[in-house]
Amino acid sequence: MARKEFETLTPQMFYILLALNKPMHGYDIMNEVLHMSNGEIQIGAGTLYTLLPRLEKELYIQLIKEENKRKIYQITTRGKKKLLAEKERMMKQIQLLDERMEE
C-alpha cells in the first residue's frame with residue numbers, strides 16, 4: 001500500500017519542520033538540518049525547494065517575509081501539531097519494537 005502524502009513525514013519533511021521552529025530561509029534550513037541530524041540527513045536544494053511549497057500548501061509552514069530575494073519561513077501551529085503526531089507514531093513503533101525484542 002502506498003503512503004498517502006503527509007500521512008507520515010519523510011525524514012526530510014520532519015527535519016525541515018523541526019528546523020523552522022525559528023524563522024529561516026532555504027540555505028539556513030539545509031545547514032540546520034545537516035547540523036541537527038549530525039550529518040545523517042542532507043537535503044539538496046532541489047528537494048528543499050520542492051518540499052517548501054508543499055509544506056506551505058498544507059499549512060505546516062508559512063512565509064513570513066522576503067529579504068533580498070530570500071523567502072523566510074516558520075512553522076505554524078498546525079505544523080507543530082503534525083510534528084507531535086509524528087512523535088506519537090514513532091513512540092508507538094519504538095514501544096512495539098521493545099515489546100517484540102523482549103519475547
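A crossing of two helices is left-handed if the near helix is turned anticlockwise from the far one by less than a right angle, and right-handed if clockwise. With that in hand, let us look at helix H1, which passes helix H3 in a right-handed crossing. Helices here (H or I, at least four residues) and strands (E, at least two) are DSSP runs, numbered from the N terminus.

A word on the source: this is a predicted model, in which local features need pLDDT of at least 70 and side-chain atom pairs count only at pLDDT 80 or more, while totals for chains, interfaces and linings use all residues. Residues are numbered from 1 along each chain as its sequence is written, and side-chain values use heavy atoms, with hydrogens and water left out.

Back to the pair: the axes of H1 and H3 are 11 Å apart, at an angle of about 70°. Axes are lines fitted to C-alpha atoms, for helices over the stretch in contact, and angles run from 0 to 180 degrees between N-to-C directions. H1 is therefore roughly perpendicular to H3 (angles of 65 to 115 degrees count as such). On the H1 side, Gln12, Met13, Ile16 and Leu17 meet Leu48, Leu51, Leu52, Arg54 and Leu55 of H3, where contact means heavy atoms within 4.5 Å.

H1 (residues 11–19) also meets H2 (residues 26–36): their axes come within 9 Å and cross at roughly 105°, so these two helices are roughly perpendicular as well. Here Tyr15, Ile16, Leu18 and Ala19 from H1 touch Ile29, Glu32, Val33 and Met36 from H2.

Leaving aside neighbours within four places in sequence, Leu20 is in contact with Ile29, Leu52, Ile61, Tyr73, Gln74 and Ile75.

Finally, turn to Ile72 in strand E2. Ile72 has a relative accessible area of 7% and is buried (under 20%). Beyond neighbours within four places in sequence, its contacts include Pro23, Met24, His25 and Ile64. Gln95 lies 23 residues from Ile72 in sequence and 37 Å from it in space, C-alpha to C-alpha.

Terms used: Parallel < 35°, antiparallel > 145°, perpendicular 65-115°, else oblique. Buried < 20%, exposed > 50% of the residue type's maximum accessible area, 1.4 Å probe, protein only.
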